[in-house]
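I am opening a notebook on this protein, and I want to write down what I looked up in the order in which I looked.

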Amino acid sequence: RRSAYNAVAIDATTLQNTTRTLGDALSKAPGVKLRESGGVGSDMQLMLDGFSGSHVKVFIDGLPQEGTGQALDLNNLPVNYAERIEVYKGVVPVGFGTDALGGVINIVTNKHHRRRWFLDASYSYGSFNTHKSYLHFGQTLRNGFTYELNAFQNLSDNDYHIDNYVTEFTSDGFETTDRSRIYRLRRFNDRFHNEAIIAKIGLVDKPWADRLMLNFTYSNFYKEIQTGVYQYIVFGQKHRKGHSFVPSMEYTKRDLFTRGLDLLLTANYNHNLTQNIDTAAWKYNWRGERKYTGTPGEQSYQDNESKNTNWNASATLTYRIGQAHHFTLNHVLSTFRRTTRSHVGGSSQISDFDIPKLTRKNITGLSYRLMPSEKWNLSAFAKYYNQYNRGPVSTSSDGVGNYVNFSRHTTSVGYGAAGTYFILAGLQAKLSYEKAYRLPTTDELFGDEDMEAGQTNLKPEKSDNINLNLSYTHQFGKHGLYLEGGLIYRDTKDYIKRGLSTIGSMAYGIYENHGHVRTKGFNLSARYSFGRWFNAGGTFTNINARDHERYRAENTLQESVSYGQRIPNQPYTFANFDAAFTWHDLFGEGNVLTVAYDGFYQHEFPLYWEALGDPTTKSRVPDQLSHNLTVGYSLRNGRYNISLECRNLTDEKLYDNFSLQKAGRAFYGKFRVYFGN
């Protein structure tokens, strides 16, 4: 609330008796959309005010999560893992030391609570043979020694029904397809499971350290891949698996050497191994029937092993002079190395770790905050970006094959300011601006020696980001009211977009600086509460991102056919809403019954440029409205908890991506116990 940045915090503790993930909790924030390709463990993409993918960075307690593996994606992390989720939109504080263009998601655990012994454990079961379990225990002793253990697991067959046509295999080896005849079919090659264990050990409240922690994270996942980018493509044996090991360290000390000087040091190492396997010489249809093709590979013959090693180290110094002046200096060093090995003979892949891909980033930030009173404060900052990349580049005209080693060095300078002012008691205004930069990723520059070709001459994306927010909070008797409205403006140049290059029958991803994209939009939020027994609210988001590159190439007068059109394949109008009734001391003191409803609306959006082609046959993701219902009962002040959920209550056809149908109506139950203070 005191921050001048456009930031909101999502309280994750209110969902801890449900089977939701951190991704589900995050979707309640204005401007946030989590796009999933299917059920539990499916590929996901995070959207924030029109930006997505690499534009938005994810942190856990301030530590970056790039390259940690699919097992630790937001849609695979249980909601019990976090205390809250902080969302910084557009303008990012220097303390994160990142080159995010769209914003930052920071998952905050309960590390600042000094607790005696505690145990939090839960198990849930539901539709599609879905099992989820969670265990968290630890304690802090009087001498400051502390330890914690987090462990969780997800498993699901994801064998829900979808609607699609069927390719028939005849006895003589031919295929027939009637696309006008749609069947209700069950998915069959979509099993997913992941496991993770996170151990923490350290000391708190010492004269030489407020907090010194060593963390160790191990995660593992296995994922069967049912479809390609379109649902009519069906696989029967293609799958992916991997594991990661992430040790990390955190050190904090307030009033270091002198009063008002604080130090935060963090470091982590990520070792991640992922294997993509596609070796079956069979073609499958949606009934699970198959025919022998004689050619290995359902999509592309591969058994590739990618090894990622990633180092991150950051140092943050803050200096407070009285209550009014606050200086922050941050530096982050990040290194990334990927090597790829192919286990199949005759493959076009680079093999045996021939040419590694290397990325090294140094980002330095300095900020100053003036806070003369509780009524207003102002921050100004500057950031320096330095990046070095080296990796394989194709010398072929089609961009694939004949790789040689290539290096590139890039530097940029960004800056910005943010301010907040309380106009009246409860009425607050926030305004922020940033000249932001995002450096190209390793995949965008060098590809992945598989389906991504890369482009070495990519420039950093640069964007002018402006946010204006107005919020009002008022409590009158038992009635509580919160209202917020926000305007966003993004003027992005050298926007990096992904396209396709077709070589023979294979399509490869390529990247290019699209030119100029201008984004305007607004968010609205409202919440009302009555005492402890009722609360309701929701958010509404409208994002208008359009191609602003008038000419197809520099120094030409050939106007682009997409100039002025909305960026395709991107949700631009969506809303969420919820309501909950709570009865306290029901059937006993300390017992609580909760009945909660939440829903989500998404307006239709086109897969391709909306003004091109026949609008009557245009491929679109349709309008959709989904509903969820949860009933929960807690006994003995939250010691024992049981909940029942129904997702997609009306069994709607739901899509986050074109043609990739999500699950229909589903039921889940969860039992949770909590012991300790």
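This is a predicted model: local features need pLDDT of at least 70, side-chain atom pairs count only at pLDDT 80 or more; totals for chains, interfaces and linings use all residues.

**Entry 1**

I started with Glu559, which counts as partly exposed at a relative accessibility of 41%; here buried means under 20% relative accessible area, exposed means over 50%, and partly exposed lies in between, with a 1.4 Å probe and protein chains only. Glu559 forms a salt bridge with Arg550, and the closest N and O atoms are 3.2 Å apart.

Residues are numbered from 1 along each chain as its sequence is written, and side-chain values use heavy atoms, with hydrogens and water left out.

**Entry 1: the protein as a whole**

I then stepped back and found two helices and 42 strands in the protein, where helices (H or I, at least four residues) and strands (E, at least two) are DSSP runs numbered from the N terminus. The C-alpha atoms fill a box of roughly 80 × 65 × 50 Å along the principal axes. For 677 residues, a compact globule would have a radius of gyration near 26 Å, and the protein agrees with this at 26 Å; the radius is taken over C-alpha atoms, and the globule rule is 2.2 Å times the number of residues to the power 0.38. Buried residues make up 54% of the 677 residues.

How many salt bridges does a search of the whole structure find? The search gives 38 salt bridges. One of them joins Asp656 to Lys33, with the closest N and O atoms 2.8 Å apart. Asp656 lies in strand 40 (residues 655–657) and Lys33 in strand 2 (residues 32–36), so this pair ties together parts that are 623 residues apart in sequence. Are these two residues buried or exposed? Both Asp656 and Lys33 are buried.

I also looked up Asp99, which forms a salt bridge with Lys361, the closest N and O atoms being 3.2 Å apart. This pair links distant parts of the chain, since Asp99 is in the loop between strand 7 (84–89) and strand 8 (103–108), Lys361 is in strand 24 (residues 357–373), and the two are 262 residues apart. Both Asp99 and Lys361 are buried. Finally, I found Arg20, Asp598, Glu645 and Arg647 linked in a network of salt bridges.

**Entry 2: aromatic rings**

I searched the whole structure for aromatic pairs and found 24; rings of Phe, Tyr and Trp (its six-membered ring) pair if their centres lie within 6.5 Å, with planes under 30 degrees apart counted as stacked, over 60 as edge-to-face and the rest as tilted. The ring centres of Phe522 and Phe540 are 6.0 Å apart and their planes are at 35°, so this pair is tilted. Phe522 belongs to strand 32 (residues 516–530) and Phe540 to strand 33 (residues 534–547), 18 residues apart. Phe522 is partly exposed at 29% relative accessibility, and Phe540 is partly exposed at 29%.

The rings of Tyr528 and Phe534 have centres 6.3 Å apart and planes at 55°, so they are tilted as well. Tyr528 is partly exposed, with a relative accessible area of 27%. Ring pairs link Tyr528, Phe530, Trp533, Phe534, Phe581 and Trp583 into a cluster.

**Entry 3: charges over rings**

I found the charged end of Arg566 over the ring of Tyr572, 3.8 Å from its centre, and the charged end of Arg287 over the ring of Tyr183, 5.1 Å from its centre. The test is that NZ of Lys or CZ of Arg is within 6 Å of the ring centre and within 35 degrees of the ring normal.

**Entry 4: two backbone angles**

Which residues did I note for a positive phi? Asp61 has a positive phi of about 50° although it is not a glycine, and Asp61 lies in the loop between strand 5 (56–60) and strand 6 (63–64). Asp61 is buried, with a relative accessible area of 18%. Asn569 has a positive phi of about 55° and is not a glycine either, and Asn569 is partly exposed at 31% relative accessibility.

Note on methods: A salt bridge is a side-chain nitrogen of Lys or Arg within 4 Å of a carboxyl oxygen of Asp or Glu.
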